[in-house]
Amino acid sequence: MTLTPDTSQAKSPSAPSEHHGSATVLTPLGLLTVLLGASLSSIDFFIVNVALPSIEHDLDASPATLEMVVAGYAVAYAVLLVLGGRLGDTFGRRRLFLWGVAAFGVTSLACGLAPGAWWLVGARVAQGAASALMLPQVLGTIHATTSGERRARTVALYGAVSGIAGLLGQALGGALVAADLAGTGWRAVFLVNVPIAAAALLVGVRAVPDSRAARPARSDVLGTILFAGALTALLLPLTEGRATGWPLWSVLLLAAAPLLGLAFAGVERRAERGGGSPLLPPSLLREPGVRSSLVLGLPIFIGFSGFMFGFAIVLQQGLGYGALKAGLTVIPMGLTQVPASMLVPRLVRRWGARAMTRAAVVHAVGLAVLALTLLWTSWSDLSPLALAPGLLLCGAGQGVQLALYYRLALAAVPAARAGAGSGLTATVQQSCLALGVATVGSLFLGLVPDLGMRGAFEAALAVQGVGLAALALGSLRLASSPGRGGPSGPGSA
């Protein structure tokens with residue numbers, strides 16, 4: 001696998017070429033605008049973590065409903081991402097980005113004005129759908145309007161923004177809840193998006209270049225329905241099953257998920273063989289670089305979301321931190337995550353795919369330091385300063401992982417399939433974020449009654465450590481494969 005994006009396939013006569021609008025180069029202002037859109041969608045996955053206690057009190061929401069506030073956004077986001085990428089290919093990525101930004105602002109307003117818990121859940125689902133329109137256009141635009149070393153630097157910056165946005169979401173959420181601006185309380189975590197989305201919309205009209213496939217693909221209605229059904233059948237019961245006592249509907253949905261997935265795969269294969277326009281071309285998944293990067297993304301995003309969810313609960317309910325203090329505690333991760341992400345092009349030139357292996361080791365050491373801090377320090381003495389060393393190491397490792405994931409994923413995607421490729425990449429990310437809360441987060445909550453808050457969180461850290469070990473081994477195997485980023489392959493250049 002080459003770690004330097006290859007644009008040769010975009011020039012192939014057999015591949016659909018890209019059509020660009022009035023601008024063909026992504027200017028710094030255009031890049032800033034699309035990255036702002038990407039950060040909004042990531043921030044809003046995590047921003048509610050520290051606001052959940054206030055939402056529970058204000059709206060009299062049950063624990064299951066609170067999980068739906070998180071899960072509703074994640075499931076809608078994950079289900080519609082590939083469709084969002086396809087629509088960008090067809091109607092133009094700038095247009096879909098602007099539509100997504102506008103819809104995100106409107107749905108954020110609906111969340112902030114929610115009169116009840118289930119209104120908030122519905123608005124969060126709509127907000128996730130808006131993010132699914134917006135986010136694929138960011139990666140698609142980067143892939144279609146940059147090349148070579150500039151694309152590598154831009155993708156590294158995208159990875160840095162994606163990572164820091166999650167941390168910023170938790171910190172910003174705590175600050176806004178604590179500030180209680182004009183008595184808005186938790187509502188401010190959603191209302192703050194409205195002026196930001198308006199500004200991005202105004203600037204994006206002129207600054208974001210347009211791009212689309214020269215031969216727009218036809219709609220794949222059946223594939224879209226089956227894909228949405230399979231993801232919903234998997235993510236919804238995993239997220240809600242534990243909170244609701246695993247009712248029959250959750251078991252039936254889990255059983256249906258693989259069947260729907262197989263049906264979707266069959267429909268897509270037939271569509272591609274028949275010269276149709278499958279939502280997710282099977283040939284894209286046959287690209288070794290695409291497959292490998294998607295597998296490496298599993299432990300990265302599952303571990304990240306599970307950690308952030310559990311850590312927010314430990315800080316607020318275990319250590320008694322207020323919303324502001326809990327949000328600010330994660331800042332050390334961001335202090336190392338951003339510079340580590342920006343070093344990825346240099347690290348790739350030096351180590352190739354082994355950069356991922358080293359990043360996983362650093363991250364695992366950070367988790368070990370954090371676990372030992374929890375084990376050896378008195379619960380009452382666990383200050384943000386005491387937790388900072390482990391968080392600094394975790395941020396450094398994760399910064400490299402996030403940026404390298406996107407670089408690996410986009411390297412093998414032809415420019416003509418930028419929308420489908422970016423949609424697939426983002427779908428894996430968002431699905432794994434939801435799975436992290438549903439699996440690692442549920443494990444943590446399930447162990448609290450028996451092990452206590454400290455023991456349950458240490459168990460969750462151990463699970464994440466196992467995932468990082470798998471990531472290190474997988475990337476080491478990738479690095480040693482000829483032509484896939486190993487010492488003799490192009491990835492080490």
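## Helix packing, aromatic pairs and selected residues

Helix 4 crosses helix 5 in a left-handed manner, where a left-handed crossing is one in which the near helix is turned anticlockwise from the far one by less than a right angle, and a right-handed one has it turned clockwise. This is a predicted model, in which local features need pLDDT of at least 70 and side-chain atom pairs count only at pLDDT 80 or more, while totals for chains, interfaces and linings use all residues. Residues are numbered from 1 along each chain as its sequence is written, and side-chain values use heavy atoms, with hydrogens and water left out.

The contact of helix 4 with helix 5 comprises 16 nonpolar, eight polar and two charged residues. In this scheme Ala, Val, Leu, Ile, Met, Phe, Trp, Tyr, Cys and Pro count as nonpolar, Asp, Glu, Lys and Arg as charged, and the others, Gly among them, as polar.

The crossing of helix 1 and helix 8 is left-handed. On the helix 1 side the contact (heavy atoms within 4.5 Å) is made by Leu29, Gly30, Thr33, Leu36, Leu40 and Asp44. Helix 8 brings Asn193, Ile196, Ala200, Val203, Gly204 and Ala207. By class, seven residues in the contact of helix 1 with helix 8 are nonpolar, four are polar and one is charged.

Taken as a whole, the chain has 18 helices and two strands; these are DSSP runs numbered from the N terminus, with helices (H or I) of at least four residues and strands (E) of at least two. Of the 493 residues of the chain, 57% count as buried. Buried means under 20% relative accessible area, exposed over 50% and partly exposed in between, with a 1.4 Å probe and protein chains only. Among contacts between residues at least 6 apart in sequence, 84% join residues at least 24 apart.

The aromatic side chains come next. The structure holds ten aromatic pairs. Rings of Phe, Tyr and Trp (its six-membered ring) pair if their centres lie within 6.5 Å, and planes under 30 degrees apart count as stacked, over 60 as edge-to-face and the rest as tilted. Tyrosine 73 and tyrosine 77 form an edge-to-face pair, with 5.5 Å from centre to centre and 75° between the planes. Both tyrosine 73 and tyrosine 77 lie in helix 3 (residues 63-91), four residues apart, or about one turn of the helix. Tyrosine 73 is buried at a relative accessible area of 0%, and tyrosine 77 is buried at 1%. The pair of phenylalanine 444 and phenylalanine 457 is edge-to-face because the ring centres are 6.1 Å apart and the planes stand at 80°. Phenylalanine 444 is buried, with 1% relative accessible area, and phenylalanine 457 is buried, with 2%. Phe307, Phe311, Phe444 and Phe457 form one aromatic cluster.

Phenylalanine 190 lies in helix 7 (residues 188-191) and is buried, at 0% relative accessible area. Beyond its neighbours within four places in sequence, phenylalanine 190 contacts Asp44, Val48, Ser108, Cys111, Gly112, Leu120, Arg124 and Gln127. Phenylalanine 190 and isoleucine 47 are 143 residues apart in sequence, yet 8.6 Å apart in space, C-alpha to C-alpha. Glutamine 401 belongs to helix 17 (residues 384-411) and is buried at 1% relative accessibility. With neighbours within four places in sequence set aside, the contacts of glutamine 401 include Ile300, Met356, His363 and Leu468.

Aspartate 180, in the loop between helix 6 (148-179) and helix 7, has a positive phi of about 50° although it is not a glycine. Aspartate 180 is partly exposed, at 38% relative accessibility. Tryptophan 246, in the loop between helix 9 (221-240) and helix 10 (248-273), has a positive phi near 50° and is partly exposed, at 40% relative accessible area.
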